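Work through the following exercises with the model open beside you, and try each task before reading its solution.

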Amino acid sequence: MTTGETGLQAQETAEVLSREELRRYSRQLLVPEWLEAGAQERLRRASVLVVGAGGLGGPVITLLAGAGVGRLVIADGDTVGVSNLHRQTQFIAADVGRPKAEVAAARAQAINPFVQISTAPRLDPEDMQRATDDVTLVIDATDNFETRYAIADACAQSGREWVWGAASGSSGMVSVFGPQFGLRDLFPTPGDAPSCDETGVLGPVPQVVGSLMAQEALKVLGGVGEPLRGRLWTYEALSGRVRLLTLKSPILATS
């Protein structure tokens, strides 16, 4: 794992928010549930592994950095391509050819210098297990099945929860998986689902899905609200239809 830029002002172990942090996070601290749960302090103590810095990972990374997560590890071995720019708005044309993880880390650090940020190349199963063991929460923002199942297996081995999302075409899904119900319970095998390279994707769809994934991560880490544990949120952009499904292994039933 390669260490990237680090927030010089990060104080992960401190319990009391500084005056500057209080100003920075003042709007979310006005939310009663967030304040009463001590969620900001919980968030600052947390560490998150985000696997994938593209369409889904972009909003996840920038929103978690802005919200004040203590430590972010960004794992992605890909480089920025021209075809990414319509939906991966964390990148600009000048970033084409640069490593996604490094660019995303630099932008997140610019958003919030209090966050500690490191980057990692594409993780093999052994690396994935070590990285998963070292964080509070994992976020699967990838777009290929091999990595998704490697994340699922590593999290199952570590007893970790992970936030999962997918976007393709005009639709998306989000859930929070964990020891009780995981990706392999919902999709036992990868199947033959095509990638975005084959089906395409409307630009706003991964932004919507990624933003909800970030919100679920904040709920899990902050100890507020009702995370999507045992539930699957689905979205169809062209109709505007949203559904919330209850997951009952191995059957998916409408809540």
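## Exercises on helix packing and a pocket

In this predicted model, helix 5 and helix 11 pass each other in a right-handed crossing.

**Exercise 1.** Determine which residues make the contact of helix 5 with helix 11, and how the two helices are oriented to each other.

*Solution.* Begin with the residues: helix 5 contributes Pro-59, Val-60, Leu-63, Leu-64 and Ala-67, while helix 11 contributes Pro-206, Gln-207, Gly-210, Ser-211, Met-213, Ala-214, Ala-217 and Leu-218. Sorting these residues by class gives 10 nonpolar, 3 polar and no charged residues. Next, take the axes, which come within 8 Å and cross at roughly 40 degrees. Helix 5 and helix 11 are therefore oblique to each other.

**Exercise 2.** Describe how helix 5 (residues 57–67) packs with helix 6 (residues 100–111), and name the orientation of the pair.

*Solution.* The axes of helix 5 and helix 6 come within 8 Å, and they cross at roughly 25 degrees. Angles under 35 degrees count as roughly parallel, and helix 5 and helix 6 are therefore roughly parallel to each other. The crossing of this pair is right-handed. On the side of helix 5 the contact uses Ile-61, Thr-62, Ala-65 and Gly-66, and on the side of helix 6 it uses Ala-104, Arg-107, Ala-108 and Ile-111. By class, the contact of helix 5 with helix 6 holds 5 nonpolar, 2 polar and 1 charged residues.

**Exercise 3.** Work out the geometry and the residue classes of the contact of helix 7 with helix 8.

*Solution.* Helix 7 spans residues 125–133 and helix 8 spans residues 145–158; their axes come within 9 Å and cross at roughly 50 degrees. Helix 7 and helix 8 are therefore oblique to each other, and helix 7 passes helix 8 in a right-handed crossing. In helix 7, Met-128, Gln-129, Thr-132 and Asp-133 meet residues of helix 8, among them Thr-147, Ala-150, Ile-151 and Asp-153. The residues of this contact divide into 5 nonpolar, 5 polar and 2 charged.

**Exercise 4.** Find which helix gives the most residues to the lining of the second largest pocket.

*Solution.* List the lining of the second largest pocket, which consists of Gln-28, Val-31, Glu-33, Trp-34, Gln-215, Leu-218, Lys-219, Val-224 and Gly-225. The elements that give two or more residues to this lining are helix 3 (32–36) and helix 11 (204–222). Helix 11 gives the most, with 3 residues.

Note on methods: Residues are numbered from 1 along each chain as its sequence is written. This is a predicted model: local features need pLDDT of at least 70, side-chain atom pairs count only at pLDDT 80 or more; totals for chains, interfaces and linings use all residues. Side-chain values use heavy atoms; hydrogens and water are left out. On a 1 Å grid over the protein atoms alone, a cavity is a set of points where a 1.4 Å probe fits but cannot get out, and a pocket is an open set with protein on both sides within 12 Å along at least five of seven lines; lining residues have an atom within 4 Å of a point. Helices (H or I, at least four residues) and strands (E, at least two) are DSSP runs, numbered from the N terminus. Axes are lines fitted to C-alpha atoms, for helices over the stretch in contact, and angles run from 0 to 180 degrees between N-to-C directions. Angles under 35 degrees count as roughly parallel, over 145 as roughly antiparallel, 65 to 115 as roughly perpendicular and the rest as oblique. A crossing is left-handed if the near helix is turned anticlockwise from the far one by less than a right angle, and right-handed if clockwise. Contact means heavy atoms within 4.5 Å. Ala, Val, Leu, Ile, Met, Phe, Trp, Tyr, Cys and Pro count as nonpolar, Asp, Glu, Lys and Arg as charged, and the others, Gly among them, as polar.
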